[in-house]
Amino acid sequence: QVQLVESGGGLVQAGDSLRLSCAASGRTFSSYVMGWFRQAPGKEREERDFVAAISWRGGSTHYADSVKGRFTISRDNAKNTVYLQMNNLKPEDTAVYYCAADRLEAGWATDDVETTSEYDYWGQGTQVTVSS
């Protein structure tokens, strides 16, 4: 079992930055690919949008086109934590942000890391609101 707890959300203005953190329990954090997803207002859980993912040791990353160049995902396996640095935030980034963990035993594949059903564990989410 892995428990995930997100933090760092808040209300900011367009152009501002935020850094989200996701702390994981357990001793096997480095066994999981970690992803960030977001759920915009009015959307269902199944409609969560992929944001970014990072491989087990951080050697590979993948981003949604909408955040490429603005967001950076990183992880610190010694601290069992994954981060999402979000710069130049836009009102359309407003959503609840979730981190998720996936063993992805078949190996790194961008199609897989974008898919919500691939992930085994989810956090409770943190709200990010960007005003114009």
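Q: Which residue has a backbone nitrogen that the side chain of Thr94 reaches at 2.9 Å?
A: In this predicted model, Thr94 has its place in the loop between E8 and E9. Its side chain reaches the backbone oxygen of Pro91 at 2.9 Å. At 2.9 Å, the side chain of Thr94 also reaches a backbone nitrogen, and that nitrogen belongs to Val130.

Q: Is Thr94 buried or exposed?
A: Leaving aside neighbours within four places in sequence, Thr94 is in contact with several residues, including Ala40, Pro41, Gln127 and Val130. The relative accessible area of Thr94 is 18%, and a residue counts as buried when this value is under 20%. Thr94 is therefore buried.

Q: How many residues apart in sequence are the parts that the pair of Arg38 and Asp93 ties together?
A: The side chains of Arg38 and Asp93 meet in a salt bridge, with N to O at 2.9 Å. Arg38 lies in strand E4, which covers residues 33–39, whereas Asp93 lies in the loop between E8 and E9, so the pair ties together parts whose separation in sequence is 55 residues.

Q: How many salt bridges does the structure hold?
A: Side chains of opposite charge can pair when their charged atoms come close. Over the structure, the number of salt bridges is four.

Q: Which residue is joined to Cys22 by a disulfide?
A: A disulfide is a covalent bond between the sulfur atoms of two cysteines. A search of the whole structure finds one disulfide. In that link the S to S distance is 1.9 Å, and the partner of Cys22 is Cys99.

Q: How many residues apart in sequence are the parts tied together by Cys22 and Cys99?
A: The link of Cys22 and Cys99 is right-handed, with 45° about the S-S bond. Cys22 lies in strand E3, residues 18–24, and Cys99 in strand E9, residues 95–102, so the pair ties together parts whose separation in sequence is 77 residues.

Q: Is Cys99 buried or exposed?
A: The disulfide partner of Cys99 is Cys22, and Cys22 is buried with a relative accessible area of 0%. Cys22 lies in E3, a strand that is mostly covered, with five of its seven residues buried. Cys99 has a relative accessibility of 0%, so Cys99 counts as buried.

Q: Which residue of E8 stands opposite Ser21?
A: E3 is joined to strand E1, residues 4–7, by four bridges in an antiparallel arrangement, and there the bridge partner of Ser7 is Ser21. Six bridges join E3 to strand E8, residues 81–86, again running antiparallel. In E8, the residue opposite Ser21 is Tyr83.

Q: What radius of gyration does the protein have?
A: The protein holds one helix and 11 strands, and its C-alpha atoms fill a box of roughly 40 × 25 × 25 Å along the principal axes. Of the 132 residues, 43% count as buried. A compact globule with 132 residues would have a radius of gyration near 14 Å, which agrees with the value for the protein, 14 Å.

Key
Residues are numbered from 1 along each chain as its sequence is written. This is a predicted model: local features need pLDDT of at least 70, side-chain atom pairs count only at pLDDT 80 or more; totals for chains, interfaces and linings use all residues. Side-chain values use heavy atoms; hydrogens and water are left out. A disulfide is a pair of cysteine sulfur atoms within 2.5 Å. Helices (H or I, at least four residues) and strands (E, at least two) are DSSP runs, numbered from the N terminus. Buried means under 20% relative accessible area, exposed over 50%, partly exposed in between (1.4 Å probe, protein chains only). Two strands pair if DSSP finds at least two bridges between them. A polar contact is a pair of N or O atoms within 3.5 Å; within protein, one must be able to donate a hydrogen and the other to accept it, and residues adjacent in sequence count only if both atoms are side-chain atoms. Contact means heavy atoms within 4.5 Å. The radius of gyration is taken over C-alpha atoms; the globule rule is 2.2 Å times the number of residues to the power 0.38.
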